Amino acid sequence: MASSPSPSAARALLVLAAAALVLSSVSAAAGSPPLAKGLSFDFYSAKCPQAEAIVFSFLKDAIRKDVGLAAALLRIHFHDCFVQGCDGSVLLDKTNGVDSEKVPVLLSFLAKIGLDADDLVALSGAHTLGIAHCGSFEERLFPKEDTTMNKWFAGHLKLTCPQLKVDNFTANDIRTPDVFDNKYYLDLLNRQGLFTSDQDLHTDAGTKPVVTRFAVDQGAFFDQFVRSMVKMGQINVLTGNQGQIRTDCSLPNAARSAGDELPWSVVEAVESFVL
Ligand code: HEM
Ligand SMILES: *[C@@H]1O[C@H](CO)[C@@H](O)[C@H](O)[C@H]1NC(C)=O
């Protein structure tokens with residue numbers, strides 16, 4: 001399996017990836033997913049009709065060379081969107097601003113940004129790709145195995161992470177690690193979800209029916225994934241003359257006031273309280 005690509009490689013492809021995701025959205029969805037006023041799926045159709053084809057073939061080539069890029073890009077898009085909207089803010093140098101906020105319940109937090117249970121289950125399906133380091137799930141193995149985890153699976157993970165603090169990694173989706181499919185939901189049905197946040201989707205009565213639906217119907221997963229990605233891509237979206245086009249991708253054009261610091265803690269909070 002490919003290891004994680006360098007952050008700079010992933011960064012370089014971020015913008016392209018976002019465009020490609022929109023591209024695949026249009027073709028896969030039964031009817032276009034809802035868009036905020038001021039956005040369109042064919043913005044470049046007159047000015048640069050080849051834009052999407054260029055992005056698509058560039059990414060296809062890059063991912064063929066390193067399949068790990070697909071996962072890295074997908075994940076960075078999620079992290080970007082959860083920090084003040086999908087504006088490439090993930091490229092900005094981190095400010096030592098706000099400390100970890102406490103977000104009490106994942107779904108109620110997501111509800112505030114317009115995401116529901118279908119979105120949570122579908123977006124978590126991104127864990128059909130990529131890898132995780134032992135540190136991200138080792139507390140489910142040591143000192144005591146999490147009883148929700150399939151016993152064989154726990155033993156399997158211990159081959160990779162034999163004790164706490166081993167620097168190693170494993171596939172997120174044990175069945176088809178490099179294929180974007182619905183096998184992740186089959187993992188969950190078999191109590192072979194890697195993170196607590198994954199397995200909880202099947203344990204929780206509110207999200208379980210969605211997990212089952214996606215496990216038996218890949219088309220339903222793909223359709224919802226498209227809608228949820230497009231939805232996630234519009235968190236705090238800026239349109240028209242709003243916002244700024246950065247001259248240096250890693251810096252805002254003008255100095256920010258202290259109260260204006262980026263809530264970097266949001267992604268960490270989302271990830272920490274569900275793990
Ligand atoms: C629901 C909350 C989520 C939690 C708690 C979570 C947590 C994690 C963790 C702990 C890792 C492993 C990091 C490591 O050990 O290296 C990971 C990897 C990953 N996550 Fe998530 N995640 C969440 C949602 C999402 C969403 C919404 C997406 C995209 C739509 C996503 C896409 C990915 C991908 C593709 C990887 C693999 C990255 C790689 O191989 O480079 N995750 N996630
Ligand atoms: C890392 O994981 C592989 C299997 O994925 C295993 O063979 C190897 O022993 C592990 N390394 C350590 C230091 O445990």
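Reader: Hi! Where does Asp181 sit?

Author: Asp181 is in the loop between S2 and H7. Keep in mind that this is a predicted model.

Reader: Thanks. Is Asp181 buried, exposed or partly exposed?

Author: Asp181 is partly exposed, because 16 other C-beta atoms lie within 10 Å, and a residue needs 20 or more to be buried.

Reader: And what does Asp181 touch, beyond its sequence neighbours?

Author: Leaving out residues within four places in sequence, Asp181 is in contact with Thr128, Thr176 and Gln218.

Reader: Which residues does UniProt list with Asp181 as "binding site"?

Author: The unreviewed UniProt entry puts that feature at Thr128, Asp173, Thr176 and Asp181. They span 54 residues in sequence, yet no two of their C-alpha atoms are more than 9.8 Å apart, so they gather at one spot.

Reader: Nice. What about Thr176, where is that one?

Author: Thr176 is in the loop between strand S2 (169-171) and H7. Thr176 counts as partly exposed because it has 16 C-beta neighbours inside 10 Å. Apart from residues up to four places away, Thr176 touches Asp181 and Lys183.

Reader: Which other residues does the UniProt entry list for "binding site"?

Author: Asp80, Val83, Gly85, Asp87 and Ser89 are listed in the unreviewed entry.

Reader: Let's take Asp80. Which element holds it, and is it buried or exposed?

Author: Asp80 belongs to helix H3 (residues 68-81). Asp80 counts as buried because it has 23 C-beta neighbours inside 10 Å.

Reader: And where is Gly85?

Author: Gly85 is in the loop between H3 and helix H4 (106-112). With 18 C-beta neighbours inside 10 Å, Gly85 is partly exposed. Setting aside residues up to four places away in sequence, Gly85 touches Ile235, Asn236, Val237 and Leu238.

Reader: Okay, switching to the inside. Which residues touch the most other members of the largest nonpolar core?

Author: Those are Val121, Tyr185, Val211 and Phe214, in a core of 31 residues. The elements giving two or more residues to this core are H3, helix H5 (117-124), helix H7 (183-189), helix H9 (208-216) and helix H10 (218-232). H3 gives the largest share, 7 residues.

Reader: What does Val211 touch?

Author: Not counting residues up to four places away in sequence, Val211 touches Val121, Tyr185, Leu188, Leu201 and His202.

Reader: Which residues of helix H8 are buried?

Author: In H8 (residues 196-203), the buried ones are Asp198, Gln199, Leu201 and His202. They cover an arc of only 145 degrees around the axis, which puts them on the same side of H8. What covers them includes H5, H7 and H9.

Reader: Last one: what surrounds ligand 2?

Author: Ligand 2 is surrounded by Leu159, Thr160, Pro162, Val166 and Asn168. That shell divides into 3 nonpolar, 2 polar and no charged residues.

Technical notes:
Residues are numbered from 1 along each chain as its sequence is written. Chains are lettered from A and ligands numbered from 1 in the order in which they are written. This is a predicted model: local features need pLDDT of at least 70, side-chain atom pairs count only at pLDDT 80 or more; totals for chains, interfaces and linings use all residues. A residue is near a molecule or strand if its C-beta atom, placed from the backbone, lies within 6 Å of it. Ala, Val, Leu, Ile, Met, Phe, Trp, Tyr, Cys and Pro count as nonpolar, Asp, Glu, Lys and Arg as charged, and the others, Gly among them, as polar. UniProt positions are given in the numbering used here, feature names are shortened, and annotations may be inferred rather than shown by experiment. Helices (H or I, at least four residues) and strands (E, at least two) are DSSP runs, numbered from the N terminus. A residue is buried if 20 or more other C-beta atoms lie within 10 Å of its own, exposed if 12 or fewer, and partly exposed in between; C-beta atoms are placed from the backbone. Two residues are in contact if their C-beta atoms, placed from the backbone, lie within 7 Å. A nonpolar core is a set of buried Ala, Val, Leu, Ile, Met, Phe, Trp, Tyr and Cys residues joined through C-beta atoms within 7 Å. The arc is that of the directions from the helix axis to the C-beta atoms.
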